[in-house]
Structures are given as structure tokens and as C-alpha cells.
Amino acid sequence: MTKSWQISRRTVLRGMGTAIALPLLDAMTPAPAIAGGAQKLAPVRMAFVYVPNGKHMPDWTPAAVGSEFELPYITEPLAKVKDRLLVLSGLAQDHGRPHGDGPGDHARALSSFLTGAQVKKTHGADIKVGVSVDQVAARKVGQRTKFPSLELGCDRGAQAGNCDSGYSCSYSTNISWRTDTTPQAKEVDPKLAFERLFSNGVAGELGSKREKYKKSVLDFVLEDARDLKARLGVKDQRKLDEYLNSVRELERRIGAAGDDPDSPAPDFPKPEGIPKDYAEHIRLMYDLLALAFQGDLTRVATFVVANEGSNRSYAFIEVPDGHHDLSHHGGNKDKQTKIREINRFHVTQLAYFLEKLQGISEGERTLLDNSMIMYGSGLGDGNAHNHDDLPILLAGRGGDTIRTGRHIRYEKETPLNNLFLSMLDRLDSSVESLGDSSGRLESLL
Amino acid sequence: MRRPGPVRLSLVAMACIWPLAVRAADDDGAAERDAAALATFRGQVEPLLAQYCTKCHSGGEPKGELKLDLYLARAAVDQDREAWEKVAQKLHDREMPPEDQPQPDAAAREKMTAWIDAQLARFGGGQRDPGRVTIRRLNRNEYDNTIRDLVGVDFHPADDFPSDDVGYGFDNIGDVLSLPTILLEKYLAAAEQVAVRTLGTEQVNLVTGDTTGGRIIDGGARILTSEMEVRTKVRMFGSGDYMFRVRAYGEQAGDEPVKMAVYLDKQLVRRFDVSAVEAHPQLYEGWLQTRGGQHAYSIVFENDYYEPKKPEPNDRNLIVKEIELMGPYPPPFKRIIPREHTPEDRMQLAREIIGGVMARAFRRPVTPAEVDRVLSLVRMADREGENFNVAIGLGLQAILVSPHFLFRVELDPEPNNPDAIRTISDDELATRLGYFLWSSMPDDELFTLARLGKLRSGDQLERQARRMLADPKAQALVENFAGQWLQLRNLQTAAPDKGHYPDFDESLRRAMRKETELFFAAIMREDRSALDFIDGDFTFVNERLARHYGIADVKGEEFRKVQLDPQKRGGVLTHASVLTVTSNPTRTSPVKRGKWILENILGTPPPPPPPDVPELKEEAAGELTGSLRERMEQHRAKPACAVCHNRMDPLGFGLENYDGIGAWRTSEGPFEIDPSGELPGGQAFAGPQELKAILKARQDEFVRCLTEKMLTYGLGRGVEYSDRGAVQDIVKTVEQNDYKFSSLIIAIVHSDPFQKRRGKRSEP
């Protein structure tokens, strides 16, 4: 299924009897040939989807390992894309654990999830974690697309109060960390996310004049910020660094857009705001993520479906209790049943997304084939608050570099970050180590 | 005669004492004091440190990289003040020694911290450490309010911004507020919006129909050679301010320049001397006000002159190259552009406007060089042919995206010297006041006092604080401080289950929040006792909320003040808002309610459980049974849980008469509600009223808690160990003033942390 809006934007390469659509920006910066071969391939994309409060693990983990496994109750909705999935068991995110810092598993679960770093326990004075895997990739390949990375969510940050046992709310609402002290705020309103992705400004003379003005304003404030930074104390300088980084990123984007003035208008109705219906909200965010990947507006994304420790009510699937409250089920069967319904609800939305990616063809492959979508939680069982044997799925074939359709069980305490190293390799973003990684994750291919 | 204010006095005093104190170490008195301090240390403090601390904090691999043995050998606090302060803080807060280690008794703790405090106090010229606030980005509320007060448009652009992260319970903490790319994008877009809404960018020339008059010469220009006019019909889009532009020049002759008049519907709008000549035609711009519909627009040449007998030039003519009419422009633009300009004073006016806006936007005087930089953008737009409003608008955009606007900057002469304590400038103080009490920039009165250096003279500061509290803008303190302290904001996402609480709906949700806001506002505006927060015997309800509370005879949407039956309700603890945000969707949570009271009323949050608590495993002995309270008590029987839950749960049980959305109840299902409880230490209560009486009797703790919350909010940083002296003083002042709300605010704005700042310490 090729959307009509892409045609105007894409260079269509003809050769070997196949038309391979390549997004325009790729033409400017050649994508690496991931799996070798002479032919130019569509780029690999990578997303991390987070769901809070752990899972009801008995209904998550398949009984058998290898390719002959049944999807248990929670992951049943993924049946149609089962052959594009890896269920990865046994992975641990050790820095979710206290290591002497006491309670606060929810805050740690989210902010250690993609960083593999120990979270500095603070109400705010000295927030510190580590750089998250998506931002490592954004730094390496982000310059090839309009947006280095995309951060989506469904819950706004906390509005007040304390989120988790002495940890600033930053930690339980942010999964993506550009530096070890700077979280990447997420967009939760599909309307605003849509406008951000697809409004390139005004075409023609007026448009280029506005771009010129915007550029001048940025030049102006860049100088202001540099000058100001020089006169500040070290901690304040860090705040100005955030500002300067953002200015530079926008200047780059304006520069790139200048070469590509015609803006894509996707064949997709502009969302009107945050839908009342949670499922619809989630699906809209998935839709936008799919559109962003399809148009190669970004190759790296995170999506926090609900903030960690969320106490959301799921009355619409007959689970009126608060999610977090329920997750402390204390062995109560009724509560566990409700938990697995919530878990399945979220997987149902994931299935919608994966099937959508699978339905978008890119040459001989599909967008899902060219993607790596990791889905999971930084807690295993919400009652036990354990950070090992995490529920982790990897969907998509990373451009034919991952052999899917299997359940792999890794040795206990295998760092989740090992998976990240392997994913970064496939995105042309290799690093030697990240957080507590101890090597590449075996057996993916 | 004006008497010098107390702060001024201390400033003078400080200037005298400071150098002496620094030199004190050299004189004999200091040597004696050193000797005495050393004796105390060796005799009393060192043995305690050796007994409780050095086991872990010494040797080759000291815990937390704190090598106490090294410090002990020197016994001097001067070189390692940060480390010592941390030691004192950890001891004071009972974070150290760890719970699995031998604990010093209270007297021993006191001995150690008192010695360290005394040593620390000898530095900094005897000045109290005022702390240091990290540069603060405007948060969403502050941004919206500042835009409103700066340019006069109230349209909430920050609704589109990502959430501000929360630290210390508030969303205005400098350290926590970050600036990711997405936010800068939004700032750029918002700045453009502000420029459009205040100055307009309407570029469409409404002059589209037939234009007549004069004689057409090169390039479509019209030459008027006798007293005549260029006319056209224009359709206006609606009532408002329009901008006209005429590009023209004159063929000059005689003893006066060409006179040109702009008319609308035969009414004179404005008259110009057109001294421009052919080589440099000028733009003549101005405003006119009119209604929508068809209008006659004309440019009239008023002073024809032709004396063929005289030597040349002897023929005066007006040449009109272009006529434009644009608009309507948004009404607020006149707040920014105070008058019309002539082609000659265009840039001068631009300089005045930009300089004025910048000084207010940056909340300080600006230098000519700073203004010049913005003006270069205005000139650029001018060169592009933009009209005056648009050119100014581009300058405005740059100002609104500048870090000097987006951040509240307090520049220090020695930013990295922790000993360099300074009193902040009047401008900085005005800004702190503005954002503390209004979540916005200072107004003209504050700015003026600051620029005159009078903000601190006499009782001016107190008068300003009172004036600000009485101003409608102080509603920001209600929404932002109370909204976060009492967690009213969390009501927005609370999701009581329809099945359990069929009564709950959106109008009730709104009413709940409104009640608590009105209650807080009443205490603030009527300057009541802060203790009313605990047990005020009145509240505000509309019909919806009155029905929820079982209060008769309240009709309609309007909120009104009502007296309460103290048996059932009174004070924020019994507000449906607070009771709902501390409940789960399907049930009450005595634990959450108890924790809420400890954190927000008593300021004694449950101590952090010892590290590495064994994870809670599934119950081996089957499910717990009975009422919620009975089940919880079975839980609490476990010693590991009891320590904290003995403090939290009874407080929550005292509020069990209120269900998960705050309605009064005496039973839950088959179980009678038992609202009695006993606090650690043996204080027992029979129900909510007695519980509140106990809390009210602990007014010291409450006032301290409220002070710390308010100070955190007012400063935009967490309250530190080093602030304890300031907090103590504020608490004392409030107690001496019958707990009046205003006394808390006034004491805070006079406190050292609010008045001063120091350089930054090295990184932890």
C-alpha cells in the first residue's frame, strides 16, 4: 500500500524490474547498505514502546523456546505478525534496582530502561541518569532526517506532588535522555505532533522569507546565548547548553528544509486533539509514528504509552481499578486477571501498529521488515517490582538482519543494554558500550 | 523623612564586617577560638565520629568517597566545607548512619551537628548561606502570564508546550526545567503568534479596485500636478485599526515641501510633508480607524505651486507610486507602538519601542548595544519592504526567543565562588516578587521602584507584597501554589470509577477544584490564619457540591460561602478535591491519605525505608479478608511494614468517613466505618474532628511544612539543610503574627534565601 502523498516526495529508482521508493532526504545522504548488496535499501528504523507497571508474566512468557512457540493470552493479539516477532526472555535492567537507594522502582524502571544507568536519587537538584539508546542513535544518524528523533506519549508529565519515593517526576515521565541530565520531553497531543511533523511552513516566496526571518532570529538568539553562557556559573551553563543545542538543531533543520521546500501533506486526517477514548489516543500516536517512519521524517522514536506507576482506570475494558493499585496484586487471582486484561489491551494496540507497518511496502519488503520495534516494561511483575526477566518483544527484521518468529531465552541477568548495542549496529550507529552493557546480544540472526 | 530599611542597614553593616571576618583567622581572638574549637572537637566530637562514621568512611575505599579520617586529622572545616555540611545534613536527617548500623542517640547527633554548624557559621563573614538558585526557565504558566502582561494579549500559547517536569512537588524548579528542541520550536512558533496577534502581519493590500486621478507616468506612478487627488474604493473586512501606506515623492519647488493628505470618506486622516525626491521615494505610513464595508480612500495633493515665470524649479508636484491599505490590526498593537512615525523618525521610534519592550521583557535595563542588535533585525525586515508593524514584530520575536526573556537570569560577579554572597539587585528582586506572587513579570510600579532603587526602602517591600497579594493576578498563587501543594492539579487525571461512584461527573470534578481554590483564596485575601487550612469552619459550594456534601438550600452554579458542621467537615483535609486525589479509582486509600498528611501538612514524610528492602513476595498464607481497614491491619502486623505504616495508616483511617470522592459515609458495604485511630506516641482520636484537633495542636510542624513548601515555590529550588535558619526565622515570625497568611509571604520575601544569592559550588 503506497500512499499517494509519497509519490511527489520520493525519487523513484527503477532497476532490476523493481521500483524502490526512496525518501527524498535519503537521496541527499545515502543510507548505508545494511545487509550489503549493491542495491540501495530503505533505511532501518527503530522505536521503543514502553508500558508501565510490569506484566502478568505467566500469561506473557511463551512456554516453549525456539520457533515452535504459542503466543500466550496477553500476546495472542499479535498472531498475524507472529512471524515478525522475537520474544526475548531473561533480560534484566539491573539499574532499575535500588543499589542502596531504597524504594523508587517505578521512577528507576522508566529512566533506567533505555539508559542502563543508575538513576541519581534526587527531588530535582541534580538530576542525572545516562544517555538513552534512542539518543545515541539520534546523535549518530539523526542528521539524515528532518527530526533526529521523535518522542511520543499519552500522559502529560506529573502536574504536582511527588511521583516516586524521593525521585523527581522527571524520572517517571521521561524515557528519552539526550544527555545524562537532559530528558527529551514528549509530545502527547496528536494534533500538535501532526502539525510538528507535517507543517513545513509556507511555500513560495512568502515561505522563504519567513524561513529567512526565522534563521535570523535563531542567529540572533544563538549569539545572545553564547554571550550569556560565558557569564554564568557552571550549573547555569548546563541549562544554556540545552538551549544552544536546541538552537543548533533548529538551524540545521531550517537549512535542510531550505533544500526541500515542498512539504509533504500526508493522506491522513489531521487529528483534532487528544481523544477522550484512550485506545483511540494510542492508535493515533501509533499512526503518526508510522507516518513519520514511512516518510523518513525520523528513524528513531520512543513512545511512552503510559507514565511509569500510572494509576489509570481501564473501565472501558471492565477494569475500573487503578492500574498501579492493581499491579500490587498480592497474589490475588482476581487482580491478576485484571492486570492481564490491561496487558492484553496494550498488546492489542501494538498489534494494530505492527500490522500497519507490515501493510506498508518498501520495495520487496515492508516497513515492518525495515524496522526494529522494541516493546516492553522496566518491571517484570508489578507486585514483586523485579527488574530481571523483563517482558521484552522485538518486532521487525531490522532490514533483514534479524531472524524473527522465535522465542529466545537468555541467561539470567543478561543486560537489556546488550540488545541495544545489537540494535544500534543495525542502525549504522554502533557504539562500544552503553550503560551496563557487557557485549552484543547473541542469536538475533 | 524616610528611614533606611532594615535590609539597607545590614548591607552597610555587611560591607564593614566582611573584610574583618575574612582576616579574622589571622588575629589572636581567632586563634583562641580555633584552639577552643579544636579542644571541643578532640574531646567531644571526634570520639563520636570514630564510633559511628569512620568504620565505613575511611581507608582506601571509603563509602560515598567521603574520607572522614582525612578530615579528622585536620579537624578543620574551612577546607572541606561542602563535605562537612553534607555530614551535618545526613546526621540531622537521620540518613546516616544506615539503619543496620549502630545509631547515635539524639544528644550525640546534636553534639556532632552543633559543632559542625558552629564551624561552618564562622565562614562567609558570619552571613547565613542564602543558597543559589539555578537559572530558571519560565514554565508554562509563567510564559503565558508574562506574554499577557508584556504585550496585552491573553491567549495561552503555552497550552501547546510540553509539560514542565516537577521536582520538590513543584513545576518551577530551575534545576528540573529543561529546554529540549521541541520546546524551542514551540517558543519560535509562539513568538510568531504573539507578534501576529499584537502587531498583525496582515500583508494583503486591500486596494484592489480601480484607482483614478492624476496622470500615469513611468512604472504606474501617478503624478498630481494641480490640487487634485488619487481616489479608490476599498472594502474593509471589519471594524478596527488599519494601516495605510503611500510610497511617494515630490517634485519640490517654492518655499515649502509638497503637502500630501490622506482621506477616508472625505475625512482627513493625516497630513504629511513629502520632502522625498525622485531618487529616494519614501513610505508614508499611518493608521486609521474605520468600520467594515466600502470606503472611499484618497490621497490629496494640497499645495500646488506653479510659477512659470520664476526660475526652475518652479513647478511643485506630488508623485504617488503606490498606495496600500492593510488591516485590520489587532487592538493591542497600540500598547507597543505608542504613536505614528514619519519616514524620518521611523528608526528612532523603532529604537524607543524595542528598547522599551526589551527592558520589560528582560526585566532589567538594557544596553544600547543590545537594542542595536535587535534593531538590525527590524532594519532587515524594513529592507524587505515590510510595514512598520511587521518590522517591529520581527524584533519582538527575537526578544521573545532570547534566553534573556525565557530564563530569569541573575548574573553574579563571581558565579563560581561559593563565598561570594551578594544581595540581589532591585530588578532581580522585583522579578522574584513578580514570579512568586503573580507567576509573571513585575508590573510598572515594581519596575519603577526597582529602577529608582527604592524597592527596599522603608517598608516598601512589605507594602508591595501586600499590594501584590490584593491584586487579581495573585490568583496565580492560588492556582499554581495551592494547585501543587494540595495536588489539586492531579484532580484533572483522577478517574473515579463510575460503577463505584455513579455520582461523579465533570461538573463535580470542576466544583471540587473550585472549592479548594476559593478556600485558599479566602485565606489569602482575607488574611486569615494559616491554621484555617487545617480546620477552617467554612467553605465554598455551589449546588452540585452542596448536594455531594449533603448541605441543604444551595441552588445554582454560583459558589457561595457556607458555614460547616464541624463534626463532618472543615479544612482542606475534608475537601472532596484532596480526598479524591488521595484515593484509588474504586476505593479510598488510607495509606495515600496518611502519606499526604505527613508530606503536605506535617512536613514529616515517612522516612526512606532502609536500603534493599526484600521485595514483597506473594502472600504464602492466602488472601487477607475483612474490611479494608482489617485487611490493612493484617498487613501492618508485619514488623518490616509497621515502622512506616504505623505513622501513615492511622491518619488515613481518621478520614475513612469520606469515600473515594469525598462524600460522607458511615458504612462501606457490610462494614461499619471505624474512623478512630492511634498515632505513634499514643495520641488517640475518635474521628476526623479529633484528628484535626491533634493536627492543629501540632501547629509548629504545620507552619514549618507550609513555610518549606512556600519557600520552595518562591525560590524555585529545593529547601536545603543550609536554609534551616531562615526557615526557623520565618516560622517564628508567622507565629508572632497570629499565623496570618500575609506574614508568611512577607517573611519569605525578607528572608536571606529570597534576598540574596551566592556563587556556585563545585560539582558534586
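Which residues does Ala391(B) touch, not counting residues up to four places away in sequence? Select Ala391(B) together with Val378(B), Ala381(B), Asp382(B) and Glu386(B), for these are the residues that Ala391(B) touches once residues up to four places away in sequence are set aside. Two residues are in contact if their C-beta atoms, placed from the backbone, lie within 7 Å.

The model is predicted: local features need pLDDT of at least 70, side-chain atom pairs count only at pLDDT 80 or more, and totals for chains, interfaces and linings use all residues. Residues are numbered from 1 along each chain as its sequence is written, while chains are lettered from A and ligands numbered from 1 in the order in which they are written.

**Around Ala391(B)**

Now display helix H11 of chain B, residues 388-401, in which Ala391(B) has its place. Helices (H or I, at least four residues) and strands (E, at least two) are DSSP runs, numbered from the N terminus. Ala391(B) is buried, because 24 other C-beta atoms lie within 10 Å; the term requires 20 or more such atoms within 10 Å of the residue's own C-beta, against 12 or fewer for exposed and a count in between for partly exposed, with C-beta atoms placed from the backbone.

**Chain B as a whole**

Chain B contains 28 helices and 21 strands. Of its 764 residues, 44% are buried. Among contacts in chain B between residues at least 6 apart in sequence, 71% join residues at least 24 apart.

**A helix pair in chain B**

Next, select H13(B), residues 426-438, and H14(B), residues 444-452, whose axes come within 8 Å and cross at roughly 160 degrees. Axes are lines fitted to C-alpha atoms, for helices over the stretch in contact, and angles run from 0 to 180 degrees between N-to-C directions. H13(B) and H14(B) are therefore roughly antiparallel to each other, a term for angles over 145 degrees. On H13(B), the contact is made by Asp426(B), Asp427(B), Leu429(B), Ala430(B), Leu433(B) and Gly434(B), and on H14(B) by Leu446(B), Phe447(B) and Ala450(B).

**The sheet of chain B**

Move to the open sheet of five strands in the order E2-E5-E10-E7-E8 (chain B), where the pairing is antiparallel. Two strands pair if DSSP finds at least two bridges between them. The edge strands, each pairing on one side only, are E2 (211-212) and E8 (267-274) of chain B. Within the sheet, E5 (residues 229-236) and E10 (residues 293-301) of chain B pair in the antiparallel sense over eight bridges. Thr232(B) stands opposite Tyr297(B) in E10(B).

**The sheet of chain A**

In chain A, an open sheet of seven strands runs in the order E5-E6-E3-E11-E12-E4-E13, with mixed pairing. Its edge strands are E5 (150-153) and E13 (406-415) of chain A, and the twist averages 20 degrees from one strand to the next. Strands E4 (residues 85-92) and E12 (residues 392-395) of chain A pair in the antiparallel sense over four bridges; select Leu88(A) to find its bridge partner, Ile392(A), in E12(A). Helix H4 (residues 133-141) of chain A lies across strands E3 (45-50) and E6 (300-304) of chain A, running at about 155 degrees to E6(A).

**Where the chains meet**

Finally, show both chains: the contact takes 71 residues from chain A and 69 residues from chain B. On the side of chain A, the largest share, 11 residues, comes from H8(A).

Definitions and conventions: Angles under 35 degrees count as roughly parallel, over 145 as roughly antiparallel, 65 to 115 as roughly perpendicular and the rest as oblique.
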